Amino acid sequence: MEVEEVERLPRLSRVAVCGGTHGNELSGVYLVRELLKVKKKKKKEEEDEDGGAMSVLLVLSNPRAMQQCLRYIDTDLNRCFTHACLIGPTLDKTPYEMRRARELNAMLGPKGSAGAMDLICDLHNTTANMGLSLITYSDHDWICMHIFRHLQRQIPDTPVRYIHYDVTSKESYSLDSVGKHGFAMEVGPQPHGVVRSNIYTTMKSGVQYMLDWVHFFNSGVIFDGGFMDVFTVVKHIDYPRDGETHNITAAIHPQLQDRDFCLLRPGDPLFQTFSGETLRYTGSEPLYPFFINESAYYEKGIALCLARKRRVKIPSVREYL
Amino acid sequence: MSSFSSCQSVREARRVAIFGGTHGNELSGVTLVHLWMKNGTEIQRRGVETRPFITNPRAVEKCSRYVDTDLNRAFTPENLSAPADGQLPYEVLRAQEINRMFGPKGSPDAYDVIFDLHNTTSNMGCTLILESSKDHFNLQMINYIQKALAPASCLVLLNEHPLLKYSTARSVAKHPVGLEVGPQPQGVLRSNIFESMREILKHALDFIELFNEGVEFPPCSVPVFRVSERVDYPRDANGNIMAMVHPNLQDCDWEPLNPGDPMFQTFDGKTIRYQGSGTIYPTFINEAAYYEKQQAFVATRRETLSANAVRKA
């Protein structure tokens, strides 16, 4: 009988849960506020017991954007965490979010150092019909992948998926890349500036099950390996645009709208122009679309992203004693 | 009192405007108006001048609801008569300009009809918004549109409430009509929502063409939902929202809410129930733009309006 290797990984003592990285993505804003309230109440009621194996830091990442219910004030905070952005000089004209990124890096990092948070979970919402998606930079971070599997099992009535951006650590640009392990927890569909109770509840469950998993992991539980699907991002497609005005000249086709993670085959409808013409996918490879019609991506020139799906084997893991 | 309603003579509707971008992030209207400014064939009808117009270009540019203040609340008598100087908010100056171009509000020179195109994050489907229960031209037009769209539905919201009605961009015209189509997130263009709005306008313009040709429209009944009150989210002592629209109420625009029904859910999962005395019909449930206006939903009551026969004068 083949004996499976159990991968031993360091304890996850310090976890951060961040909300409001985009100030108008409200599930995370309200959830972190609620968790802060609960934490404050707990502190008043109980003597500080033995902290246990894990501390959880709750962070509201972009308070100024939250106050105005905007995605950002000067620039997208969740693109400010590349090494180049983090080490640059802070001048008078440095945008608010760049400064804030450096503050967050000091608080939760520094990125790449031994002192960084063990795990960062950054909460986001999307207008796309993506269920609960964990977005990471790795297809071999067993911690993130086991957390994903745990969520998938514990939240059966919501589709849960694992998205991988194949980007190096140096070039990784989002808040979750500051920790030793990290991911964005993206829940949709929800309009920006709105909190939908079902979406909030899904996110709340996601965070709770994640923290449960970390607690079990730190207690020495062995998590069996197995197989899981990973969606690795290949490219994105922009809207067709008017040459002069740059305004879009077509909308996501009704047959594609809301069909995140449904295979898109060559020849399938992509866009419908305002004169009723169907524009089709001309790629040669069938791919899986996601972030279909995300409102914040119009300005980034992205109508949808496309990914390859593959089965990945993950090892059993346990805490390194 | 006469036992029949006589046919009402209404002035021909020669000048019609279609407003888009009154809120810069409500994209169906922005897109339709841009389209028609480039090529207006689709909106041309015999005997009518139909003018597409972007009301808030700076907000459209930023893809935000407004720049300084909500344009669709800015057409108050005070604002319209305020001396234009550098201190006025952008949207107040804009309201004055629009009033000059399409009004003046209340005068015989004002545009006959203005359609103002809006989207909502609420699950309201296709909704037409009226400001008066006595505008028989508008009532007949709505009746025509509803029959043309059937079996697809198009409901009518009547906001005649003295305290809750507000000074809209379209109120500059003799016959103001609001088009509200949802659900659609702000800053997003959904194909089905866009096409629905386009179809409503098609039928509206067909009606105007027929009306101007002398067609008489017989008396009819128009079921409406009349705005009765605005209901806010439960808030804590600091004014922060304490609860969300309950999952049982979310997306249930136009459906009856009875005393005792779940209305809100706190962030820690408790249910808050509707404690009113009678059944209401909520709409604008969980509209993003209304969080800052202290409105979780608008309560309405069902009513049937009678429209007189109308014919052009």
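**Annotated binding site and domain contacts**

An unreviewed UniProt entry lists Asn72(B), Arg73(B), Tyr166(B), Ser167(B), Thr168(B), Ala169(B) and Arg170(B) under "binding site". Although these residues span 99 residues in sequence, no two of their C-alpha atoms are more than 10.8 Å apart, so they gather at one spot. Four of the set, Asn72(B), Arg73(B), Tyr166(B) and Arg170(B), belong to the lining of the largest cavity. The structure discussed here is a predicted model.

**Ala169(B)**

- Ala169(B) lies in the loop of chain B that runs between strand E6 (154-158) and strand E7 (175-182).
- The relative accessible area of Ala169(B) is 0%, below the 20% limit, and the residue is therefore classed as buried.
- Beyond residues up to four places away in sequence, Ala169(B) touches Phe19(B), Thr22(B), Asn72(B), Phe75(B) and Asp116(B). One of these, Asn72(B), is itself listed in the UniProt "binding site" set.

**Arg170(B)**

- Arg170(B) is also placed in the loop between E6 and E7 of chain B.
- With a relative accessibility of 2%, Arg170(B) counts as buried.
- Setting aside neighbours within four places in sequence, the contacts of Arg170(B) are Asn72(B), Ile114(B), Asp116(B), His118(B), Ile129(B), Glu131(B), Pro176(B), Val177(B) and Gly178(B).
- The side chains of Arg170(B) and Glu131(B) are joined by a polar contact of 3.4 Å.

**Domains of chain A**

- Chain A is assigned domain 1 (7-45 + 52-230 + 314-319) and domain 2 (237-306).
- The C-alpha centres of domain 1 and domain 2 of chain A are 28 Å apart.
- Their contact involves 17 residues from domain 1 of chain A and 14 residues from domain 2 of chain A.
- About 1,200 Å² is buried between domain 1 and domain 2 of chain A, with 53% of it on carbon and sulfur atoms.
- On the domain 1 side of chain A, Thr127(A), Asn129(A) and Met130(A) lose the most area to domain 2 of chain A, and together they account for 31% of what that side buries.

**Domains of chain B**

- The assignment for chain B gives domain 1 (8-224 + 306-312) and domain 2 (228-300).
- Taken over C-alpha atoms, the centres of domain 1 and domain 2 of chain B are separated by 27 Å.
- Domain 1 of chain B contributes 19 residues to the contact, and domain 2 of chain B contributes 17 residues.
- Between them, domain 1 and domain 2 of chain B bury about 1,400 Å², of which 52% comes from carbon and sulfur atoms.

Conventions
Residues are numbered from 1 along each chain as its sequence is written. Chains are lettered from A and ligands numbered from 1 in the order in which they are written. This is a predicted model: local features need pLDDT of at least 70, side-chain atom pairs count only at pLDDT 80 or more; totals for chains, interfaces and linings use all residues. Side-chain values use heavy atoms; hydrogens and water are left out. UniProt positions are given in the numbering used here, feature names are shortened, and annotations may be inferred rather than shown by experiment. On a 1 Å grid over the protein atoms alone, a cavity is a set of points where a 1.4 Å probe fits but cannot get out, and a pocket is an open set with protein on both sides within 12 Å along at least five of seven lines; lining residues have an atom within 4 Å of a point. Helices (H or I, at least four residues) and strands (E, at least two) are DSSP runs, numbered from the N terminus. Buried means under 20% relative accessible area, exposed over 50%, partly exposed in between (1.4 Å probe, protein chains only). Contact means heavy atoms within 4.5 Å. A polar contact is a pair of N or O atoms within 3.5 Å; within protein, one must be able to donate a hydrogen and the other to accept it, and residues adjacent in sequence count only if both atoms are side-chain atoms. Domain bounds come from an automatic or database domain assignment. Buried area is the accessible area (1.4 Å probe) that two parts lose on being put together, summed over both.
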